[in-house]
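Reader: I am new to this structure. Could you show me how to read a strand and a cavity in it?

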Amino acid sequence: MRNTTPRGGRRPLVPRPLALAALPAALLALICAGPPARADVRSPAREDVRAGAPARVRSAGRAGAPRSRSFDTAPALAALERLLPRHSGQFTLVPDTAGGDTFTVSGTAGAITVRGSTGATLLTGVGWYLQHVAGADIGWPGESIGMLPARLPAVPAPVTRSAQVPHRYALNDTDDGYSGPYRTFEEHQRQIDLLALHGINEVFVQVGAEYPYYRALQGFGYSAEELRQWIPGPGHQSWWLLQNLSGFGGPVTERLMRERAELGGRIAEQLRGLGMTPVLPGYFGTVPPEFTARNPGAATVAQGDWAGFDRPDWLDPASPAFRQLAAAYYAEQRAVFGDSTMYRMSPLHEGGQTGSVDVGSAAGAIQAALHAAHPGALWAVLGWQDDPTPELLAGVDTSRLLILDGLSDRYNRLDREARWGGTPYAMGTIYNFGGHTTIGANTSVWLERFGPWRSKSNSALAGIAYLPEATGTNPAAFDLFTDLAWEPGGIDQREWFAAFAARRYGRPDAAAAAAWEELRKGPYSTSSGLWSESQDSLFTARPGLTAAGAAYWSPKSMRYPAGSVRRALDHLLKVAPQLRGSSAYRFDLVDTARQALANHSRVLLPRIRAAYEAKDLALFRRLTAEWRESEARLDAVTGSDPNFLLGSRLAGARAWGADRAEQDRYEYDTRSLLSVWGRRSTSEGGFLHDYANREWSGLISELYAPRWERYFASLDEALVRKAAPREIDWHAFEAEWAGRTTRHPDRPSGDPYRLAAQIAAALPPAAAGG
């Protein structure tokens, strides 16, 4: 029996008999049918059977069906009740599909009317009202709705807003891995509510994506057991879907896959109920080993290495076997997730080998297979590194393609129309890599580029793409980026941050305004050219006297004056006491104190190095003691907020296991991603160790602090012995940690204000102008 005890406020998954009873009839029939029979790709009879199977769920409705003049507002009302439980009754939501994606907000005190073109747009109107009229914030994370008056204020005059772009896309392919692959439906539902509140209309749905592969490939010569070994653990599935790896963190159980498929189907239905598009993974040719041996006539291309992993093979999209497997995949996907109008695929992501395959022809075949299953569906492809290539674009109908540009704010001298030949694209941002807890984003770059890029005469800009590798950090960046799509006159950065400060804690406050002005000028005004993310912390870095960053691929120096964050912390501590009770204030205070301390690590480590090189043992010991004290403060302050707890992530992973062995496996899947990432070849040769570093309570005390302690002890011993320090196998140290099953608190403890004040008192004041 699986553990049904709630952990950290999470609702336990329903035991299988009840879960099956709650499934849609189509999914229940699919699961109870058992694995598909072994199929011969050359048999036309096989295609007839599988082509007919999906008919049992077509009546559930297609996401691409023409919109009626009205729609059911019940899902939006339910979301409103979750978001504003004390005030939802003061809103009237009215369907209005007269034209465009538009909302109108009006009303008197206590009686607010929002008219909108979809359920999600109705919620966007509510979000606009909270932001511009009520002066409250529901952020990601943190909110100040507790400061709302019992009777909501009137709208001075009716306000109408229309989306400036049709596509408002959210979620990186890596989000499920780095933000939490073991989340509950309620956690995903909260995410959807927030995305709708901020104007998003297209959301990537990855949870359960392994199940269509598992079902379909059993018809192509693979046993269920072989496929369970091939499919990675949920924490690493993001990169399996990108054709970068297989198997790691597994094996998975059929029960787990069924429950994840059920969860993914519920997420897709939740999105459809709000009029949002669930963006589902498409099929572009990933297959297990030995596909050609089991399917005569098929052709595959070995994809080589990705960061120390052997990539899965690529089935030539021009082959009949590809068309048959794609059809089987989409049929199985439809049975679980229903239909959509948008599918996400990036063939040859971050490398890969084309072999003798013509990329243009392959891309055309991939699109043809998609349209055979979903006529006219949009193919969303990530704009990253050299992708999509001119060869790929030449082979497809680009009017049915949307490029999600992950580099819009990273580099200079970009001409997307010239680069992609006029293919529609969405301006995107990746301001977070690996889930790093680092404040900042290139917000000024967004504001400088979005308007001109959209208004240029040959513009192909058709959307925004919110693409941090992990969500749930930097609430100001989330708010501002999504506002781009709804503000017709553009956004003034200084004015926006001033308004954000006024609503973030529920009331205008001079100290809050001063804090956010410092943050605006510093970490939220970083420039383009090389980076879209700020530097990470040296406390989380693999130890070394010359350490310049934790993740190999992250900036190696400060991207803004450290004094801006230090001064912001001082200002936040002076916010009026009556405004300190909101989760928004507590999160911002903890996050700013954490960042100020993390920035100080870049001051402290060079001093430690200088003491060591001068062979000044007393000074070395004093400075390393200060380092240890800083780590202890960092662990304590992050332990006071629920968004910075390792224990929550581990408890969530274990909650999906049916027995101790499975629980331990999912915990390893989670811990390894946060530390070694993969096997030794990946961690060392692929430079992925600490890629997903983050300053979380528990992670600091159990991995980062002991790692630095081991290192400093070796240097101390070297100074005493007057010898070279002992070599340390860091991968072995980190791998041992990843294999642990020690428990950590999954609820916050301690007073965040007191702990942040202690950090401010311990840090030196900011230098003038620094």
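**A strand and a cavity**

Author: Start with one caution: this is a predicted model. Now take a pair across two strands: Pro-281 stands opposite Arg-344 in β13.

Reader: How many bridges join β7 to strand β13?

Author: There are 2 bridges between β7 and β13, residues 342–344. The two strands run parallel.

Reader: Which residue stands opposite Val-279 in β7?

Author: That is Phe-204. Here the partner strand is β6, residues 202–204. β6 and β7 are joined by 3 bridges and run parallel.

Reader: Now the cavities. How is empty space found?

Author: A probe the size of a water molecule is rolled over the atoms, and this shows where empty space is left. This structure holds 10 cavities of 30 Å³ or more.

Reader: How much space lies in the largest cavity?

Author: About 200 Å³. Its lining has 18 residues. Gly-127, Trp-128, Gln-131, Leu-197 and Asp-483 lie nearest the centre of the largest cavity.

Reader: Which helix gives the largest share of that lining?

Author: α6 does, with 6 residues. α6 spans 119–134. α19, spanning 475–483, also supplies at least two residues of the lining.

Reader: How many residues of the lining are nonpolar, polar and charged?

Author: The lining of the largest cavity divides into 7 nonpolar, 6 polar and 5 charged residues.

Key: Residues are numbered from 1 along each chain as its sequence is written. This is a predicted model: local features need pLDDT of at least 70, side-chain atom pairs count only at pLDDT 80 or more; totals for chains, interfaces and linings use all residues. Side-chain values use heavy atoms; hydrogens and water are left out. Two strands pair if DSSP finds at least two bridges between them. Helices (H or I, at least four residues) and strands (E, at least two) are DSSP runs, numbered from the N terminus. On a 1 Å grid over the protein atoms alone, a cavity is a set of points where a 1.4 Å probe fits but cannot get out, and a pocket is an open set with protein on both sides within 12 Å along at least five of seven lines; lining residues have an atom within 4 Å of a point. Grid points are joined across faces, edges and corners, and a volume is the space filled by probe spheres set on the points. Ala, Val, Leu, Ile, Met, Phe, Trp, Tyr, Cys and Pro count as nonpolar, Asp, Glu, Lys and Arg as charged, and the others, Gly among them, as polar.
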